[in-house]
Amino acid sequence: MISSEFDTIAAISTPLGEGGIGIIRISGTEAINIASKIFYSYKGIKLTQVKTHTIHYGFIVDPETDEKVDEVLVSVMRAPNTYTREDVVEINCHGGYITLKRILDIVISQGARIAEPGEFTKRAFLRGRIDLSQAESVIDIIKAKTEESQKIALQHLSGKLSEKINELRNALTRVCAHVEAYIDFPEEDIDGMTGKEIEEEIIQISEEIRKLIEGYEEGKIYREGLRAAIVGKPNVGKSSLLNALLMKDRAIVTEIPGTTRDIIEEYVNIKGMPLRIVDTAGIRESHDLVEAEGIRRTLKAVDEAELVLLLLDMSREIDRLDMEIIYKVKDKKVIVVLNKKDIKNKDFNLPDTIKDKTKIEISALTGEGIEELKEAIFNTAISGRYKQEGLIITKLRHKVALEGSYLALKNAIESFKGGKPLEITAMFLREGLSYLGQIVGVVTTEEILNLIFSEFCIGK
Ligand SMILES: Nc1nc2c(ncn2[C@@H]2O[C@H](COP(=O)(O)OP(=O)(O)OP(=O)(O)O)[C@@H](O)[C@H]2O)c(=O)[nH]1
Ligand SMILES: [Mg+2]
């Protein structure tokens, strides 16, 4: 055990800024001793002597100067039933940066060290309370953008994903053991599993892995949001649409073409799916320096978007500029949004090039059609299939490991079917197993851990 990995750490665990209360969390063998040295209670309570999972009222006193720093409630939680499985003390003080910082400084001066981002959760993992995929989901809960995203993360924290991965690992270990038994006792008819059964079992496991990989694209959307851009020529109602989706006056809307000059980005909740949507400057030829820069940014946003809401104005007829924009987004996933339905021009006709796209008629002004549009956006991104089956992968790291495992199993099947020496099949099966182990953290490196936990905020 490396000492720095398990010395006593402390951090401010509540967000910076003014708040009713703020919490300083201390974890490690010295946590209770340190807290006891700086805590003063009128009743004469000594924190070193209190029962576990109790809360105590008193003051934090700077032991150097004997000065009272704040009135606090201190919770004492002894190992192992704590967040980190170590002794944990939480000091609830008044929420204000100066108070929190002063108390943290005193805690540090008494022998704790400032925690790194995610270090409390990292300890929960290193001490074996949760596995790696569970630890990772903590950050997703904190950063969740919709209730749906939060639910999926909580499912992972409660171990649903780990359960599935461990189930696959167990099945794979069993097959592997059978193959290896054949290697060791080639003459014998090893119990139960015949060659055919072994092959079928590997295929079945790899199919389940493939399904998990397929679900990733949707999982990623719940975690990070789908990037969408509203695009169209000036004055078609792009900013009005953003406002309608947000149900607030976020972007400036005027009847003057060229109103929006810069990209505006917001999150919209579409049936639980976070949509990261940008309103852009209307695309046209412009000699105005500011507008031209806005248009350059628009084109970049179009490039980066996973979904384009192509906005056309039904109160006019399609013109050359519309056609140019249609051409610019032809390789993107596009929903054609026909706006200003309330003042539709009878001569408005859709160009043939976009006849086969999904089209929704709306009025950003009256709100007509907005629900249908939301439905269409959701349906282009989410099939609902993977979530129904209860498990959805949200992290690239997990997907990469699953892909590694899938490939290894494919190789295993090929070598087994091809009658290659069984050692080769066994080697591929072990490789597949090791990839699955990376997800839950039975196989891991310091580097991977550092990468994962550096994403966390300090104090978690
Ligand atoms: N009647 C009607 N007017 C609309 C509708 N949507 C937008 N408008 C009007 O069209 C004008 C332009 O709307 P904006 O939302 O500013 O258009 P934009 O595409 O963002 O324009 P730029 O930022 O200049 O590119 C405003 O006067 C809006 O009130 C609609 O559905 N019906
Ligand atoms: Mg605008």
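This report describes the fold, the sheets and the ligand shell of one protein model.

## Basis of the model

The model is predicted: local features need pLDDT of at least 70, side-chain atom pairs count only at pLDDT 80 or more, and totals for chains, interfaces and linings use all residues. Residues are numbered from 1 along each chain as its sequence is written, while chains are lettered from A and ligands numbered from 1 in the order in which they are written.

## Overall shape

The protein has 15 helices and 13 strands. Both are DSSP runs numbered from the N terminus: helices are H or I with at least four residues, strands are E with at least two. The C-alpha trace spans about 85 × 80 × 35 Å along its principal axes. The radius of gyration is 29 Å, whereas a compact globule of 460 residues would have one near 23 Å. That radius is taken over C-alpha atoms, and the globule rule is 2.2 Å times the number of residues to the power 0.38.

Three domains are assigned: domain 1 (3-115), domain 2 (138-221 + 395-453) and domain 3 (225-383). Their bounds come from an automatic or database domain assignment. The C-alpha centres of domain 1 and domain 3 lie 52 Å apart.

One open sheet has 6 strands in the order 9-10-8-11-12-13, with mixed pairing. Its edges are strand 9 (264-270) and strand 13 (358-361), each pairing on one side only. From one strand to the next the twist averages 25°. Axes here are lines fitted to C-alpha atoms, for helices over the stretch in contact, and angles run from 0 to 180 degrees between N-to-C directions. Two strands pair if DSSP finds at least two bridges between them.

Strand 11 (residues 307-313) runs parallel to strand 8 (residues 226-231), joined by 4 bridges. Alanine 228 has leucine 307 as its bridge partner, and isoleucine 230 stands opposite leucine 309. Strand 11 also runs parallel to strand 12 (residues 334-339), through 6 bridges. There, aspartate 313 stands opposite asparagine 339. Strand 11 is largely enclosed by the rest of the structure, because 6 of its 7 residues are buried.

A second open sheet has 7 strands in the order 3-4-5-6-2-1-7, and its pairing is mixed. Strand 3 (39-40) and strand 7 (113-114) are the edges; each pairs on one side only. Strand 3 runs antiparallel to strand 4 (residues 54-62), with 2 bridges between them. Phenylalanine 39 stands opposite isoleucine 60 in strand 4.

Buried residues make up 39% of the 460 residues. A residue is buried if 20 or more other C-beta atoms, placed from the backbone, lie within 10 Å of its own, exposed if 12 or fewer, and partly exposed in between.

Glycine 459 is in the segment after helix 15 (446-453). Glycine 459 counts as buried because it has 20 C-beta neighbours inside 10 Å. Valine 107 is 352 residues away from glycine 459 in sequence, yet the two are 14 Å apart in space, C-alpha to C-alpha.

## The shell around ligand 1

There are 24 residues around ligand 1; Gly237, Ser239, Ser240, Thr260 and Gly282 come nearest. A residue is near a molecule or strand if its C-beta atom, placed from the backbone, lies within 6 Å of it. Helix 8 (residues 238-246) gives the largest share of the shell, 3 residues.

By type, the shell divides into 8 nonpolar, 12 polar and 4 charged residues. Ala, Val, Leu, Ile, Met, Phe, Trp, Tyr, Cys and Pro count as nonpolar, Asp, Glu, Lys and Arg as charged, and the others, Gly among them, as polar.
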